[in-house]
Amino acid sequence: MALLQTRGLTARYGDSQALFGVDIALGQGETIAIIGANGAGKTTLLRTIAGVLRSDPGMVMFDGAEIGARPADEIMKLGIAMVPEGRKLFPSLSVEENLLIGAHGRKAAGPWNLDAVLDLFPVLKEKRAVPGTALSGGQQQMVAIGRALMSNPRVLLCDEISLGLAPVVIRDIYAAFPRIRAGGASVIVVEQDIGQAMKVASRVYCMMEGRVTLEGLPGDLSREAIHAAYFGAVA
Amino acid sequence: MNWIDTILQGVLLGGLYALFAAGLSLVFGIMRLVNLAHGDLIILAAYLILVIVSALGLNPFLAALVAMPVMFALGWLLQRVVLNRVLGNDILPPLLVTFGLSIVIQNALLQGFSADSQRIGAGALETASVDFGPVTLGVMPMLTFASAILVIVGLNQLFYRTAMGRAFRATSDDPVTASLMGIKPASVFAQATGIAMIVVTIAALYLGMRANFDPTIGPARLIYAFEAVIIGGLGSLWGTLAGGVIIGVAQTLGAAVNPEWQILAGHVAFLLVLLVRPRGLFPRAYD
Ligand SMILES: Nc1ncnc2c1ncn2[C@@H]1O[C@H](COP(=O)(O)OP(=O)(O)O)[C@@H](O)[C@H]1O
Ligand SMILES: [Mg+2]
């Protein structure tokens, strides 16, 4: 049985519907990728799983329990941590405080703590005392990932962690993923960078206009199929 | 006339204004809520201390200690039951609700305690003073000022040295991302208002021991508190103390020239600071 699963998940912003019955499943220890063009609904999907947007009861199952109607702070305590789109570091907190606050609501046993995170991203060591927002984009992304790891999550949701970063920086950040997986987290990455998504994930979902349009193993998906699922038109 | 004496009296008076203002500053800093009932809550706390003094026969300082948890609980409930419901992008609903609350508190106090003015008796402390060469300072004003410093040091320790303070600052920055850290913004706001009510109780203690009060004087205290907060720069507690001191010194200097100018001089100083520094003396870098 899947660790995390959505069933017919819908989401709306006021009068406009953003998700129309999304079904995805994440197995224990698995890493899956969700790709799709801007506005496809990827962020909305992660925000709904994390509880920032409420869904209806029965639409999100985590570890056998129904979590769809719960608020974000309770879902985090169950072990679902999110690296939000745009990093969202707290400007009035130092780098170290930004990391520490990641464990505010959940003190679970596991491999991750301040030292382990600074070990994973050593460049942050000498920046501990500066405000999080004084760092480069790549370093901010490392803080955002480290902050999510601090709670020793069972599921890690990563929203476009490569957005706006130079290729070498993206490579450095993705180099941390084997250790993140070894730490016990199952991972959902949302990416527009299809190549990166294919490398890191064992299964890929493609979204368009609030629906999953394609699902498969990275090796099995042809360029044409992805193109069609991405843009709707058959190439 | 002794100018040094006048200025020092003003500085100490600023401590009282800083106490009026610190709770307002704290609540505004964390949830961007302007509480128009803040002055009336101070008066409410003064009556609570008065009731405890006469019912239990305690001295005012011990009575204030007893009042603190009661006021904390009141603030917590007020935030949970009323204010959290009106917080949002629109600043008008909280203004209207706290304006209404101000009227409710004033009328409830009039019902319960009549319009007669009251005072919290502090015995010999009321008139005690200490000679420092050319100047003589009252013990009560010095205690007030020391308490203001202690309150601000204490609040800063809470904000910058504890996990609770970290959660306060994070929620103030971005409540949605804070909820992803397992923080419940609604309960952070309730804790913050509860703590602000503890500060309100301390302000009420000195207000009530230093001068007469009646149910209607809250809004006038609110104005001094506002001016101190705005002069200091929104959200900065040391700035709030500086703001209180500027108003206090302006008032005593004004009164030294002409006793009728005391209140006016404070307001003029406020306007002058705003002219030169529209965002206050110590504004936050981001907002
Ligand atoms: N806060 C919001 N209010 C209203 N509509 C929104 C909001 N955020 C996203 N949307 C809409 O929801 C749809 C999905 O957006 P999003 O989930 O951000 O897509 P993606 O992350 O795939 O780029 C888009 O049509 C977008 O315009
Ligand atoms: Mg997005």
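Where is the kink in helix α3 of chain B centred? Hi everyone, let me start there, with the reminder that this is a predicted model. The helix runs over residues 60-86 of chain B, and its kink of about 45° is centred on B:Q79.

Let's stay with this helix for a moment. B:Q79 is also one of its buried residues, and others include B:A63, B:A64, B:A67, B:M68, B:M71, B:G75, B:L78 and B:L83. A helix has 3.6 residues a turn, so residues three or four places apart point the same way. Keep that in mind as you look down the list on the model. What covers those buried residues of α3(B)? Among the elements that do are α1, α2, α4 and α8 of chain B.

Now, over to where the two chains meet. Chain A brings 22 residues to the contact and chain B brings 18. Together they bury about 1,800 Å², with 65% of that on carbon and sulfur atoms. There are also three salt bridges across the interface. One to find on your screen joins the side chains of A:E97 and B:R169, at 2.6 Å from N to O.

On the side of chain A that touches chain B, the elements giving two or more residues are α2 (72-78) and α3 (95-100) of chain A. The largest share, five residues, comes from α2(A). Sorted by class, that side has twelve nonpolar, four polar and six charged residues.

Note on methods. Residues are numbered from 1 along each chain as its sequence is written. Chains are lettered from A and ligands numbered from 1 in the order in which they are written. This is a predicted model: local features need pLDDT of at least 70, side-chain atom pairs count only at pLDDT 80 or more; totals for chains, interfaces and linings use all residues. Side-chain values use heavy atoms; hydrogens and water are left out. Contact means heavy atoms within 4.5 Å. Buried area is the accessible area (1.4 Å probe) that two parts lose on being put together, summed over both. A salt bridge is a side-chain nitrogen of Lys or Arg within 4 Å of a carboxyl oxygen of Asp or Glu. Helices (H or I, at least four residues) and strands (E, at least two) are DSSP runs, numbered from the N terminus. Ala, Val, Leu, Ile, Met, Phe, Trp, Tyr, Cys and Pro count as nonpolar, Asp, Glu, Lys and Arg as charged, and the others, Gly among them, as polar. The bend at a residue is the angle between axes fitted to the seven residues ending there and the seven starting there. Buried means under 20% relative accessible area, exposed over 50%, partly exposed in between (1.4 Å probe, protein chains only).
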